[in-house]
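Q: I would like to learn how to read a structural model feature by feature. Could you give me the general idea each time, and then the case at hand?

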Amino acid sequence: MFTPLGLFRDTPCPLGQDCSLLTCMFSHKNISPPSTDDKGAQLEREATTVQEVQAPKKPKLQATVETSKVAPESRPSPSNPTELSRRTATSTYVIKTNPQPAVQAPAKLMSISRKVSPPPPRAESSTAKRNVTPAKPEQGLPPRKAPVERLNPRMLPKAPASHGVRLSILTKLHAAMSALNDKMAKDKGNQDKGIVLTPNELITMALDEEEKTAKANASVYGNVIKLRIVKFSKMNQEDWMKEVQAHLNERYYKLAPGQTEKKPAVLTTGLTKKEEIAIASKLVTPLEGLEQYGYVTKPPTPEEIEGARKGVKESQGWEKCDRCSGRFQVFPGRRDDGSLTTGGQCTYHPGKPIYPPRKKTDHITGHKESYYSCCNETLGTSAGCTKGDTHVYKVSETKRLASILQFEQTPTQPGKGLLPPVCFDCEMGYTTLGLELIRLTAVSWPEGKELLDVIVRPMGEILDLNSRFSGVFPEHYTNAVPYGSSAAKTSSFILEERETESRPLQVVESPAAARALLFQLLQPETPLIGHAIDNDLNSSRIVHPTVIDTVILYPVGAGLPNRMSLKTLSRKYLDRHIQTGGNRGHDSKEDAIATGDLVRVKAAETWKVLKSKGWVIQDDKLVPPPGVTEDTVPVWRLGAGAGQKRASSALT
């Protein structure tokens with residue numbers, strides 16, 4: 001580039017004989033010639049340097065180039081330095097003529113073929129090693145891979161603070177987490193090395209924590225996140241491990257049961273099993289008069305079913321999407337081109353709208369706008385934050401449900417006598433026939449032991465398993481074993497012995513088959529317990545006369561159609577957090593047990609009132625006090641604002 005000035009021509013070259021430059025600016029006058037042993041290595045280095053400089057110029061020679069191994073006769077004589085210098089300066093390749101010109105071998109550079117010595121080893125701290133090698137997850141869990149992110153707040157539609165404030169808070173949050181993570185890495189007594197986070201995982205955890213607080217507590221974001229940072233700064237190692245396990249469980253994989261959360265405390269009511277069953281008769285909900293809310297008391301007639309089928313045929317498959325309310329066409333059995341639906345992708349908000357309560361100061365500060373819980377976006381500003389592969393729909397009309405699969409009343413089983421109450425819960429997924437049953441779980445009451453838990457193959461083609469809520473994923477069907485097979489019995493044995501949830505579920509071929517299995521546990525007078533039980537009964541097409549619905553036991557407002565979620569009821573009355581799996585969805589067994597425990601709580605409350613009125617339990621039956629006839633009206637009967645009044649009057 002520039003003409004050398006010769007300022008270093010009298011200075012010996014620092015590399016000495018290892019210098020490979022053709023025009024070195026240093027002096028080489030007093031450098032001794034290389035020894036015979038190093039002459040071959042020097043030749044290779046010099047040839048490689050010249051080769052890399054002249055590599056773009058491809059010689060047009062019909063020959064095979066060999067550089068990894070040079071024949072002895074082609075090497076320059078060590079005793080002739082002039083010949084060595086001339087060959088090095090003028091020759092780029094050592095060429096060996098190929099007597100067979102049929103195929104040309106590709107040129108191979110010496111820098112590629114020669115062995116490269118590894119870099120010298122250097123001491124590395126435990127933190128540096130951890131930065132290079134990700135921590136291994138626990139045995140049996142899938143490997144986790146954290147996204148490569150920068151320590152920069154994630155973009156939000158409605159940020160609770162400025163970017164600078166969020167960045168400052170995020171930096172402090174990450175520093176507090178790093179200190180705890182480093183302390184755990186240095187702990188020699190920690191046998192679970194998979195719980196130590198890599199730098200990328202640590203950044204992701206800090207970003208998730210900050211984003212979660214920004215979305216859930218936007219109005220008090222600063223206070224909440226600062227308290228969180230203080231908590232991390234004072235947190236012990238055991239609590240930090242729980243925080244990390246909860247984060248890994250939510251983002252990467254589901255840890256073994258009992259690692260992320262302690263098992264809920266055993267509910268005690270002070271009553272025996274038989275006493276609770278006796279009191280349950282006062283909690284039964286008559287369904288007559290509740291048909292307008294979705295409860296089915298008798299199967300539709302054949303005429304009604306035929307009318308529903310005719311209406312479906314005339315509609316030509318046009319339905320209203322249950323998520324985006326758009327119109328689309330569905331093709332059960334697939335269209336000629338293989339399509340199941342029209343309309344392309346479905347854009348929607350999976351979260352429910354949040355309507356902030358009005359305050360007296362709204363005329364000064366302004367009333368807060370309603371927003372979606374899933375993304376904090378204001379209502380009406382966007383079509384949705386989530387995309388589904390297809391549109392989906394739900395069938396609610398009883399006669400149309402019966403046109404797909406007719407309702408059946410619970411059959412009598414004279415040989416079985418009285419059967420104890422049963423809690424059950426169903427999960428549904430979207431198919432070309434609407435919202436269908438895909439999982440059915442039943443547990444005993446009041447013990448909560450599993451009686452039945454099966455995956456169900458729906459009758460229509462699956463559009464969306466609704467995994468975010470149902471907890472059923474394609475792998476459940478892939479790994480499922482046929483119900484009643486030898487593999488199913490082995491799976492049940494493993495479940496009892498190891499108490500693990502990783503065993504494959506059993507699968508039945510239709511909703512009718514799942515219903516038949518549930519009927520084996522019931523008599524018409526057997527209390528069937530559920531939360532919003534109308535949905536579960538309708539999905540399995542069951543008409544059962546004796547039900548206990550926690551929606552009716554725990555009314556909200558003026559009663560139906562207002563309902564309180566099972567998650568809220570469990571947190572309020574059981575001090576138990578359920579449905580915490582996030583995108584993994586709900587666990588129908590967990591929901592069924594929680595529903596049963598809510599009924600047990602109400603049974604204990606009912607018994608206190610009955611006992612104060614002189615009622616007793618004799619021979620496992622409730623006996624009224626002298627002079628009082630046993631009322632057939634149940635304790636809880638929902639009406640328009642009269643649920644509590646009827647309950648209290650029934651106890652007097």
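A: Let us begin with a term: helices are DSSP runs of H or I with at least four residues, and they are numbered from the N terminus. Serine 178 has its place in helix 5, and please keep in mind throughout that this is a predicted model.

Q: Is serine 178 buried or exposed, and which backbone oxygen lies 2.8 Å from a polar atom of its side chain?
A: The general idea is that a residue counts as buried when its relative accessible area is under 20%. Serine 178 is buried, because its relative accessible area is 15%. The backbone oxygen in question belongs to histidine 174, and it lies 2.8 Å from a polar atom of the serine 178 side chain.

Q: How many helices and strands does the protein chain have, and what share of its residues is buried?
A: The secondary structure comes to 21 helices and 20 strands, and of the 652 residues in the protein chain, 41% are buried. The accessible surface of the chain amounts to about 38,100 Å², with 54% of that belonging to carbon and sulfur atoms.

Q: Where do glutamate 276 and arginine 600 lie?
A: The side chains of these two residues meet in a salt bridge, with an N to O distance of 3.0 Å. Glutamate 276 is part of helix 9 (residues 273–280) and arginine 600 is part of helix 20 (residues 588–612), so the pair ties together parts that are 324 residues apart in sequence. Glutamate 276 counts as buried because its relative accessibility is 1%, and arginine 600 counts as buried because its value is 12%.

Q: Which other residues of helix 9 are buried, and what do the buried residues of helix 9 pack against?
A: Besides Glu276, the buried residues in helix 9 are Ala278, Ile279 and Ala280. The buried residues of helix 9 pack against helix 20, and also against strand 18 (547–549), strand 19 (616–618) and strand 20 (621–623).

Q: How far apart are the closest N and O atoms of arginine 515 and glutamate 408?
A: They are 3.3 Å apart, and the two residues form a salt bridge. This pair links distant parts of the chain, with arginine 515 in helix 16 (residues 511–519) and glutamate 408 in strand 9 (residues 408–409), 107 residues apart. Arginine 515 counts as buried because its relative accessibility is 5%, whereas glutamate 408, at 38%, counts as partly exposed. Elsewhere, salt bridges with shared partners join Glu149, Arg154, Asp208, Glu211 and Lys215 into one network.

Q: Why is strand 12 described as largely enclosed by the rest of the structure, and in which sense does it pair with strand 11?
A: Strand 12 (residues 450–456) has 5 of its 7 residues buried, so it is largely enclosed by the rest of the structure. Strand 11 (residues 434–444) pairs with strand 12 in the antiparallel sense over 5 bridges, and alanine 442 has leucine 452 of strand 12 as its bridge partner. The hairpin of these two strands has 5 residues between the strands, and there glycine 448 takes a positive phi near 85 degrees. Strand 12 and strand 15 (residues 506–508) run parallel and are joined by 3 bridges, with valine 456 standing opposite valine 508 in strand 15.

Q: Which residues make the nonpolar surface patch of about 480 Å²?
A: The patch is made by Leu5, Leu7, Phe8 and Met25. Leucine 7 lies in the segment before helix 1 (36–54), and it counts as exposed because its relative accessibility is 67%.

Conventions: Residues numbered from 1 in each chain as written. Predicted model: local features only at pLDDT ≥ 70, side-chain atom pairs only at ≥ 80, totals over all residues. Heavy atoms only, no water. Patch = residues over 30% accessible without salt bridge, like charges linked within 9 Å, V, L, I, M, F, W, Y side chains within 5 Å. Areas by Shrake-Rupley, 256 points an atom, 1.4 Å probe, with all protein chains shown as cover. Salt bridge = Lys/Arg side-chain N within 4 Å of Asp/Glu carboxyl O. Buried < 20%, exposed > 50% of the residue type's maximum accessible area, 1.4 Å probe, protein only. Pairing = 2+ DSSP bridges. Polar contact = N/O pair within 3.5 Å; in protein donor to acceptor, adjacent residues only side chain to side chain. Contact = heavy atoms within 4.5 Å.
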